[in-house]
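Reader: Could you walk me through the spot where the ligand sits? I'd like a close look at what's around it.

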Amino acid sequence: MSTVAGIRFKVTPTKSPVPAAERERRLASPGFGRAFTDHMISIKWEVERGWYDAELRPYGPLSLDPGTVFLHYAQGIFEGLKAYRQPDGGVAVFRPDANAARFRRSSRRMALPELPEETFIEAIDLLLQHDHAWVPSAPDHSLYLRPFMFASDVGLGVHLGGEVTFLLIASPSGSYFKSGVKPVTVWLEEKYTRAAPGGTGEAKAGGNYAGGLIAQAQAAREGCDDVVWLDAAEHKWIEEMGGMNLCLISNKGGRPTLVTSPLTGTLLPGVTRDSLLKLAGDLGYGAEERRVSVSEWRDGCADGSIAEAFACGTAAVITPIGEVRSAHGGWKISGGAAGPISMKLREALVSIQRGTAPDPHHWMRKLQL
Ligand SMILES: *Cc1c(COP(=O)(O)O)cnc(C)c1O
């Protein structure tokens, strides 16, 4: 933890909050990332001053000089985490300390200043104190929190940013799956890559997404929902799926085992991935971090040693994979249905997040409202 003293936040509540009836209308079917709450947090940073001007203020547009560094050179990072309505009516955030730590690691990679972890968490607490009415209570609904930071100084010369802006916004989020959890079909991407050794793949940086959209478009043309990224050196090892980590359930020796790629430096170290590795152990399954090649995946599905596959991340928790397609044909997984072990893991994690199961790892930060 950083030793920097807590920053004082100025609080400027909105004079025109969204009326309760309209808010409830938006919460009824929020989709993802379309509606935003009444407030946002902003903090500024300058080389000489450090962090300053921390403020809760009305949600609204930014005014940026067209020469702002981020608009040209993409020096920026983001995070994504969720607040969940609890059975007692309270609100709890899932593992904000893990996101705060990852935000600092992403900052280091993108040559941005490191926001103290306690300030990151204080910002979330403060926003939720004002906007907790926006945390939906329907099952599978949540309030998605989006902290982000970018080089906000002005100048077209490529340089180390002297001025940075941190913002935190929040958006009610509905069920990822409209009619129950449904397996997706994925495209094995053998031409484009997401991340290379030494690159920015393990930082949560927007540019990683921009570079992947062309493969996303190709996947859609092939009738697929998402892209499976392979390693950049050999195009052989499975790394991630779109903006989620990839997991398999192997059956070797009769014991279900969660298998996922180790954090090689080209993968984003997902908080969901980390949580599921721990939960797999709690549920009596095996948990292995090792590299899996495309041929092991394909052959394992054919001979039954790999029973299930899914992607995991904050937005959808667990997304089962029912079918893989590639330029050289494809294959089905668990007969195209959601696998039972995947669904047990999903249920275990979602129950902790919703506060309906004990929280042995102390992952939930309960808000003092
Ligand atoms: C955010 C992200 C993930 C998942 O991380 P979580 O912390 O589980 O949400 C996985 N891969 C990429 C590329 C990501 O950006």
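Author: Strand S12 (244-250) and helix H7 (271-282) each give at least two residues to the shell around the ligand; helices (H or I, at least four residues) and strands (E, at least two) are DSSP runs, numbered from the N terminus. Keep in mind that this is a predicted model, where local features need pLDDT of at least 70, side-chain atom pairs count only at pLDDT 80 or more, and totals for chains, interfaces and linings use all residues. Residues are numbered from 1 along each chain as its sequence is written, and side-chain values use heavy atoms, with hydrogens and water left out.

So who's in that shell? The ligand is surrounded by 15 residues, and the closest are Lys-204, Tyr-209, Glu-240, Thr-272 and Thr-314 (a residue is near a molecule if one of its heavy atoms lies within 4 Å of it). Sorted by class, that's 4 nonpolar, 7 polar and 4 charged residues. Here Ala, Val, Leu, Ile, Met, Phe, Trp, Tyr, Cys and Pro count as nonpolar, Asp, Glu, Lys and Arg as charged, and the others, Gly among them, as polar.

Now for the polar contacts, meaning pairs of N or O atoms within 3.5 Å. Tyr-209 has a side-chain N or O atom 2.6 Å from an oxygen atom of the ligand. Arg-102 places a polar side-chain atom 2.8 Å from a ligand oxygen. With Val-271 it's the backbone: one of its N or O atoms lies 2.8 Å from an oxygen atom of the ligand. On its own the ligand has 380 Å² of accessible area, and the protein covers 96% of that (Shrake-Rupley method, 1.4 Å probe).

Notes
A polar contact is a pair of N or O atoms within 3.5 Å; within protein, one must be able to donate a hydrogen and the other to accept it, and residues adjacent in sequence count only if both atoms are side-chain atoms.
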